[in-house]
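Trainee: Please show me how to read the contacts between chains, and after that the chains themselves.
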Amino acid sequence: MPIIKVNNLSKSFGGVKAVSNINMTIDGGEIIGVIGPNGAGKTTFFNLLTGIYSPSSGEVVYNLDKEISSKSFKPYKMTGYGVARTFQNIRLFKNMSILDNVLLGYHNNMRYGLLSSLFRLPSFYKNESKAYEEVLKLLEIFNLLDKKDELASSLPYGEQRKVEIARALAAKPKLLLLDEPAAGMNPNETKELTALINWIKDEFKLTIILIEHDMSLVMGICSKVFVFDYGTLIASGTPNEVQNNEQVIKAYLGGE
Amino acid sequence: MKLFNKKNTLSMLAVLGVYAIAGLLINTGFIDSYIFLNIVLIGINIILAVSLNLITGFTGQFSLGHAAFMSIGAYAAGILTAKLDQPFWVGIAGAALFAAFAGIVIGIPTLRLKGDYLAIATLGFAEIVKIIGLNTEYIGGATGLNDIPRYTTWTWLYFCVAATVLLISNFIKSYKGRACIAIGEDEIAAEAMGVNTTYYKVLAFTLGAFFAGIAGALYANYFYFLKPDSFGFMKSIDILVIVVFGGMGSIKGSIIGAILLSVISLFLQGIPELRMVVYSLILFLIMVYRPQGIMGKSSLKFFRKRGVLYANHQGK
Amino acid sequence: MEQLTQQFVNGVSLGSIYALIALGYTMVYGIIKLINFAHGDIYMIGAYIGFALTSFLHVGFFPALIISMLLCALLGVLIEKVAYKPVRNSTRIAALITAISVSLFLEYGMMYFVKAETRTFPELLPNKQISILNTSAVLDIKNIYIIFVTISLMLVLQYTIYKTKVGKSMRAVSLDRDAAQLMGIDMNKTISYTFAIGSALAGAAGVLVGTYYNSINPLMGVVPGLKAFVAAVIGGIGVIPGAVLGGFFLGMTETMVSAFGGSLYKDAVAFAILILVLLAKPNGLLGRNIKEKV
């Protein structure tokens, strides 16, 4: 039973087709890579998966808890549906502490009302301390525990990317979308991250879709790879299959 | 995360101590009615600044119409206590609820706008409220509403200020408050993490209006007399100046800012002809030499550097 | 029908004034993203300069207009150099409060020097009225002057912005400040020109209003300043034709609302229109909608 079905998905801006006629199905529990040259429509595809854009035609259907079509997507509803993401150009809350950033990811799992937050009724303490403990565990996984009170903007680039992943995990998603998680990391960091992504997939029972330019990462952990070029899906398959696909080689190296 | 830890107990004792000592000084006449009048003004300004800080400093929604909520509260309390002979607590509650309701009504349409556009729309709403006030016979129109009973005492004032500061600080440290701060930082990221941005913007706006309404009630029931003109554009600016001077996103800053600016304007009353000229120069110097305010550290997104790069992000 | 014609003429005159002030708002906003709250006060000072020239020095209408424009241009440049340049790189809200402080300084500084009382402008233009198409609706000669001066100034502005080097650099800076600087455009010079032109237009509006309504006072700039700003936002702030459109639109609506018995609410209507326009088109009638890239 596939957890994501993409049917004839297209998105155009003005006259430009950023994504056109994408069809795919994705099974649960896998790590999926989305690759392609710059401007191939990968991020637009992610934005369609997370309700930031609505499709010009076609649709996305999730089957995580229940069936949900992109017709009812709204950005703020996605974590409630079990979908969390990170951003290509890191969007942390720069003037909030690491702890608060990750706590914010926990937003939809909080259960207390306005009166409790104004008057600190018992449910405030119950929820906040539970969230606090779970967030500390997440920070420990990402080796960020001793930096929990630092401002997000004070961290180096690689660690900011990790905070963003931790924040997304705090939302307790079933599907995690990572937009270039290794961008700006050195080879050692990338290697470490690759192992970490693999580990959190099993630990949190996730399906992960990632956009990545670093082929060592993609080929290392993805069980299936989709290749985009000029907004269309030009190939899909195991890393080995797409590596040897002629159209893919052409898209990357140019030529006829 | 406990209610009665050492720090909380100490600050509670400090709060009660200040209340008792100042109350004693007022009762024994050490604080005369002129000083007390200024204390009332400071208290009202603290409530206004802290409540606007929730909207503008924390949630990042630029409002130039905060005085309108104060005026709605003031008139509601005035009508309830003067015309309907209700006790003060009904006046305060009514003021807060009416202002909060106005906050919802004004917030839902305008909070879709961003930055300067939101500022000018809130300014517009505040002017509309003022003009409606000027033309409504029941509340005295341009001549104003008279003979409001003087119910605002030290006790009412102090506990309204303390409640405002405590409740807004609590709110800020709850997950709802974090959601508001996140919106001020990066709306798109907040939304992607499950924050219903419209809801939280309206919530912050409504809470801010609620407390501004209380400030209005304290004002109405201290000065006997209300005129729509007192709550115009300049009053909204005065509140904004306190928030910026104190530091955006700092409740302590708003309290200190309200006290300092009230004291400054008290001194300026000694030179009535040049008062506004000197005030404008002080404002200018603060903005040039301390634009982040007394307690300011953060540079929330909207308030960061201007320029074209930023402008391209305006329409998000 | 006759009343409608009459109100149309009045609306166009009032709209011209708003448009002239709104242009300065919009140009400054376009360049440095600052709501220049002091702009309405430059208009007030323009009126006082016109008043001083005509009542004490007995200068004629056109020389007074031109001198006032020049002096206001200087004042605008001076304000930018002294007050806005130091906060150019600080926060938007700090810059806004700086603009408000300049506005208060001009208002109350003027009040200190010329006193708060209202002054009467001398009659500069012939008091002649022309009946329109043989109806009882009349076209005051002053209306013709206002409309003529406004349209001429707008044509000059149009020429400056689209045909001269200064105009080209102004457009470039408003589109992309950093890129414009990289291309060798002198930022300071461009900003100065913008303030000079915008302030000159406000000065012209001040003299026109003085001659039209005959009375001026130090706080006369507050409400028209705010209204002109509203006009600029309605048209799409930063967009020059938008300011003209917004100005005429606002002037016309206000005149019509007053004519049909709503004069008490005319300011409220202006703001209500502003809010309605923004809700329908969040960037104003002619504004561009730029989405943030995710």
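Trainee: How many residue pairs are in polar contact across the interface of chain C and chain B?

Mentor: A polar contact is a pair of N or O atoms within 3.5 Å; within protein, one must be able to donate a hydrogen and the other to accept it, and residues adjacent in sequence count only if both atoms are side-chain atoms. Across the interface of chain C and chain B the rule gives four such residue pairs, both residues at pLDDT 80 or more. This is a predicted model, in which local features need pLDDT of at least 70 and side-chain atom pairs count only at pLDDT 80 or more, while totals for chains, interfaces and linings use all residues. Residues are numbered from 1 along each chain as its sequence is written, chains are lettered from A and ligands numbered from 1 in the order in which they are written, and side-chain values use heavy atoms, with hydrogens and water left out.

Trainee: Which helices of chain C each supply at least two residues of the side that touches chain B?

Mentor: Helices (H or I, at least four residues) and strands (E, at least two) are DSSP runs, numbered from the N terminus. In chain C the helices that each supply at least two residues of that side are H1 (2-32), H3 (61-84), H4 (92-114), H6 (165-175), H7 (177-182), H9 (222-235) and H11 (266-280). The largest share, 14 residues, comes from H4(C).

Trainee: How do the residues of that side of chain C divide into nonpolar, polar and charged?

Mentor: Ala, Val, Leu, Ile, Met, Phe, Trp, Tyr, Cys and Pro count as nonpolar, Asp, Glu, Lys and Arg as charged, and the others, Gly among them, as polar. The side of chain C that touches chain B has 37 nonpolar, nine polar and nine charged residues.

Trainee: Which side chains meet in a salt bridge between chain C and chain B?

Mentor: A salt bridge is a side-chain nitrogen of Lys or Arg within 4 Å of a carboxyl oxygen of Asp or Glu. The rule finds one across this interface. The side chains are those of C:Arg92 and B:Asp116, at 2.4 Å from N to O.

Trainee: What area is buried between chain C and chain B?

Mentor: Buried area is the accessible area (1.4 Å probe) that two parts lose on being put together, summed over both. Between chain C and chain B about 4900 Å² is buried, and carbon and sulfur atoms give 74% of that area. Contact means heavy atoms within 4.5 Å. Chain C brings 55 residues to the contact and chain B brings 55 residues.

Trainee: What are the values for chain A and chain B?

Mentor: The area buried between chain A and chain B is about 3100 Å², with carbon and sulfur atoms giving 65%. A:Tyr76, A:His107 and A:Leu118 supply 21% of the area that chain A buries against chain B, more than any other three residues. The contact takes 31 residues from chain A and 32 residues from chain B. Two salt bridges are found across this interface. One of them joins B:Arg178 to A:Glu128, with the closest N and O atoms 3.2 Å apart. Ten residue pairs are in polar contact between chain A and chain B (both at pLDDT 80 or more). On the side of chain A that touches chain B, helices H3 (98-105), H4 (114-119), H5 (122-141) and H6 (157-170) of chain A each supply at least two residues. That side of chain A divides into 17 nonpolar, seven polar and seven charged residues.

Trainee: Into which domains is chain A divided?

Mentor: Domain bounds come from an automatic or database domain assignment. In chain A, domain 1 is 2-82 + 173-253 and domain 2 is 94-156. Their C-alpha centres lie 28 Å apart. Six residues of domain 1 of chain A and four residues of domain 2 of chain A make the contact. The area buried between these domains of chain A is about 400 Å², of which carbon and sulfur atoms give 75%. Zero salt bridges are found across this domain interface.

Trainee: What is the radius of gyration of chain B?

Mentor: The radius of gyration is taken over C-alpha atoms; the globule rule is 2.2 Å times the number of residues to the power 0.38. Chain B has 13 helices and zero strands. The radius of gyration of chain B is 19 Å, close to the 20 Å that the globule rule gives for 316 residues, so chain B is as compact as a globular protein of that length.
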